[in-house]
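Student: Please take one part of this model and describe it closely. I am new to the structure, and I would value a single connected account.

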Amino acid sequence: MKQPNDPDAADYMAAAGCFCLASRQAARKITRLYDSYMQESGIRITQFTILSQLMLRGEMPIGKLAGILGMERTTLTRNLALLEQEKWISIKTGDDPRARMIGITGQGRGVVRRSFPFWSRAQAQIGKLLGADGQAALKLLSSRNLG
């Protein structure tokens, strides 16, 4: 007879419906679809997202940008290095010498303008695939503070 705290008594099949796994799989599929549409533009969706947010919101500290994008600072820093190399963004010291300010350059704005039609087509296609309920659920989930 199995005991309740016996590891073999656990129903591991429940892990097959793991919400974390499902959300990561969905995010990867959505990212791949965006990237397939963005390919002709010459940038990836992650680059477009960073640049477009800087274009919309203006210069900001790296920590604030990481929060807006829902990215770890270290991951964002790696992505920013590539954008800076292309001269699409500028990174400079802020009022606090420890804080780095990120801003989009004129070249970066041009990249966003040129790649916007590709993003727009991807957005429309993914919107169709998700349907109204899927879009609403995704927006609701992203707006909630789950931590």
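Tutor: Helices (H or I, at least four residues) and strands (E, at least two) are DSSP runs, numbered from the N terminus. The stretch 36-135 is where UniProt, in an unreviewed entry, places the feature "domain: HTH marR-type"; UniProt positions are given in the numbering used here, feature names are shortened, and annotations may be inferred rather than shown by experiment. This is a predicted model, in which local features need pLDDT of at least 70 and side-chain atom pairs count only at pLDDT 80 or more, while totals for chains, interfaces and linings use all residues. Residues are numbered from 1 along each chain as its sequence is written, and side-chain values use heavy atoms, with hydrogens and water left out.

Two strands pair if DSSP finds at least two bridges between them. A hairpin of 6 residues leads from β2 to β3. Because 4 of its 5 residues are buried, β3 is largely enclosed by the rest of the structure. Buried means under 20% relative accessible area, exposed over 50%, and partly exposed in between (1.4 Å probe, protein chains only).

Axes are lines fitted to C-alpha atoms, for helices over the stretch in contact, and angles run from 0 to 180 degrees between N-to-C directions. The loop between α4 and β2 holds Lys87. Its phi is near 70°, a positive value in a residue other than glycine. Most residues other than glycine have a negative phi. Lys87 counts as exposed because its relative accessibility is 52%.

Helix α1 (residues 19-38) and helix α5 (residues 106-143) pack at an angle of about 140°, their axes being 8 Å apart. Their contact (heavy atoms within 4.5 Å) involves residues of α1 including Ile30, Leu33 and Tyr37, and residues of α5 including Phe118, Trp119 and Leu129. By class, this contact has 10 nonpolar, 3 polar and 1 charged residues. Here Ala, Val, Leu, Ile, Met, Phe, Trp, Tyr, Cys and Pro count as nonpolar, Asp, Glu, Lys and Arg as charged, and the others, Gly among them, as polar.

Asp35 also lies in α1. With a relative accessible area of 14%, Asp35 is buried. Leaving aside residues up to four places away in sequence, Asp35 touches Arg44 and Ile45. Leu140, in α5, counts as partly exposed because its relative accessibility is 44%. Leu140 and Lys29 are 111 residues apart along the chain, and their C-alpha atoms are separated by 19 Å.
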